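Welcome, and please take a moment to look over the sequence and the fold. The report below then walks through a few features, one at a time.

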Amino acid sequence: MRKILSIDGGGIRGLIPALVLAEIEKKTEKPVSEIFDLVAGTSTGGILALGLTKDDGNNKPEYMAKTLSEVYEKRGKDIFSRSLWKGISSVGGITDELYSEKGLEKVLDDYFSDEPLGACLTNTLITTYDIQNREPLFLKSWKDEHRAVLMKHAARATSAAPTYFEPALVPIGSATRALVDGGIFINSPSVSAYVEAKKIFPDESEFLLLSLGTGELVRPIGYAEAKDWGKAGWMLPLLSCMFDGVSDAANYQMKVLLGSNYYRLQTTLSLGSDDMDDATEGNLENLRSEARKLIRTHRSEIDEICKVL
């Protein structure tokens, strides 16, 4: 049986799957890169996927999931840092991106340095979208064309959420591609990960896929509130609806494709904010509580998964 891990996008809410994976690593006493044959991620999930499969130089993972949770707990404010002038000049994100990319790029450089995608310890799939060629782009650690792409560039591309950060210019082969967050078309990369796994392992007949969410969006958008929205009013709500809708669609498709070999660990956000950029200490504590709730309510499934892994 080949085992696949898929991690959704969701900005700062990536703390939730990071803590769930820390629990799985603790129970199995194995790192993610050792127990999964393919790890796929979108946006914040892509950053986690890359961090969990980064080689420390001795064919061992440099980061465990618990360590990567610090990206959110200790560096979240660095990523989502906005000067007063940036807030004013962007008119709250209407005329320019909400955040400078410098904070995000500094964090990614600190964690990934100049390691290439081809150095991943297991097959790693990162989603992004090419705005110049108007096509999805899946960065694959096993693909010759992508092996030289730096991990930090792949992470920057997959997390370049429109309205939050500028598109990323990433050199791939002889071309430079303008890339944005893969969440605009595939916030949950589970279906694509499954298809790629079948291509990588053509003789394998059985697959297990674990899909991790970053918290279900439950904030309602009322008709009376939305009916008079124009472009500016719909900008951020539309993005969140897209991210949430494609994740729900992928969940349905994977249930049909894999049945009992498919596990989806997701939680409804009752405490944590569904904003992707709320890196306040209060919200981080709420997200930690959401992760504990998910682990508690899905205890039997996690135990079952860990036995198989």
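In which sense do strand 3 and strand 6 pair, and over how many bridges? They pair in the antiparallel sense, over 3 bridges. Please keep in mind throughout that this is a predicted model.

## Strand 6 and its neighbours

Strand 6 covers residues 175-181 and is mostly covered, with 5 of its 7 residues buried. On one pairing, strand 6 meets strand 3, which takes in residues 123-130. If you want a landmark there, look for Asp 130, whose bridge partner in strand 6 is Leu 179.

Strand 6 also pairs with strand 5: the two run antiparallel and are joined by 5 bridges. Here Ile 172 has Ala 175 of strand 6 as its bridge partner. Strand 5 and strand 6 form a hairpin, and 2 residues lie between them. Gly 173 sits in that turn, with a positive phi of about 65 degrees.

## Salt bridges

Let us turn to charged side chains. The structure holds 24 salt bridges. One of them is formed by the side chains of Asp 303 and Lys 27, at 3.2 Å from N to O. Asp 303 belongs to helix 14 (residues 299-308) and Lys 27 to helix 1 (residues 15-28), so this pair ties together parts that are 276 residues apart in sequence. Both ends are partly exposed: the relative accessibility of Asp 303 is 25%, and the relative accessible area of Lys 27 is 39%.

Asp 303 has another salt bridge, to the side chain of Arg 299, at 4.0 Å from N to O. These two residues are 4 residues apart in helix 14, a separation of about one helical turn. Arg 299 is partly exposed as well, with a relative accessible area of 31%. Elsewhere, salt bridges that share partners join Glu 73, Glu 281, Glu 285, Arg 288 and Arg 292 into one network.

## Aromatic rings around Tyr 99

How many aromatic pairs does a search of the whole structure find? The search finds 8. Among them is the pair of Tyr 99 and Tyr 164, which is stacked: the ring centres are 6.5 Å apart and there are 10 degrees between the planes. Tyr 99 lies in the loop between helix 6 (84-89) and helix 7, while Tyr 164 lies in the loop between helix 8 (151-158) and strand 5 (168-172), so the pair ties together parts that are 65 residues apart in sequence. Are these two residues buried or exposed? Tyr 99 and Tyr 164 are both buried.

Tyr 99 also pairs with Phe 165. The centres of these rings are 6.0 Å apart and the planes are at 40 degrees, so this pair is tilted. Phe 165 lies in the loop between helix 8 and strand 5, and its pairing with Tyr 99, in the loop between helix 6 and helix 7, ties together parts that are 66 residues apart in sequence. Phe 165 is buried, and so is Tyr 99. Taken as a group, Phe 80, Tyr 99, Tyr 164 and Phe 165 are linked into a cluster by ring pairs.

## Thr 53 in helix 3

Thr 53 is found in helix 3, which covers residues 44-53. At 0% relative accessibility, Thr 53 counts as buried. A polar atom of its side chain lies 2.9 Å from the backbone oxygen of Ala 49.

Which residues does Thr 53 touch, not counting those up to four places away in sequence? They are Ser 33, Val 39, Ala 119, Cys 120, Leu 121, Thr 122 and Thr 124.

One feature comes from a record.

Notes:
Residues numbered from 1 in each chain as written. Predicted model: local features only at pLDDT ≥ 70, side-chain atom pairs only at ≥ 80, totals over all residues. Heavy atoms only, no water. Buried < 20%, exposed > 50% of the residue type's maximum accessible area, 1.4 Å probe, protein only. Phe/Tyr/Trp six-rings, centres within 6.5 Å; stacked < 30°, edge-to-face > 60°. Polar contact = N/O pair within 3.5 Å; in protein donor to acceptor, adjacent residues only side chain to side chain. Contact = heavy atoms within 4.5 Å. Pairing = 2+ DSSP bridges.
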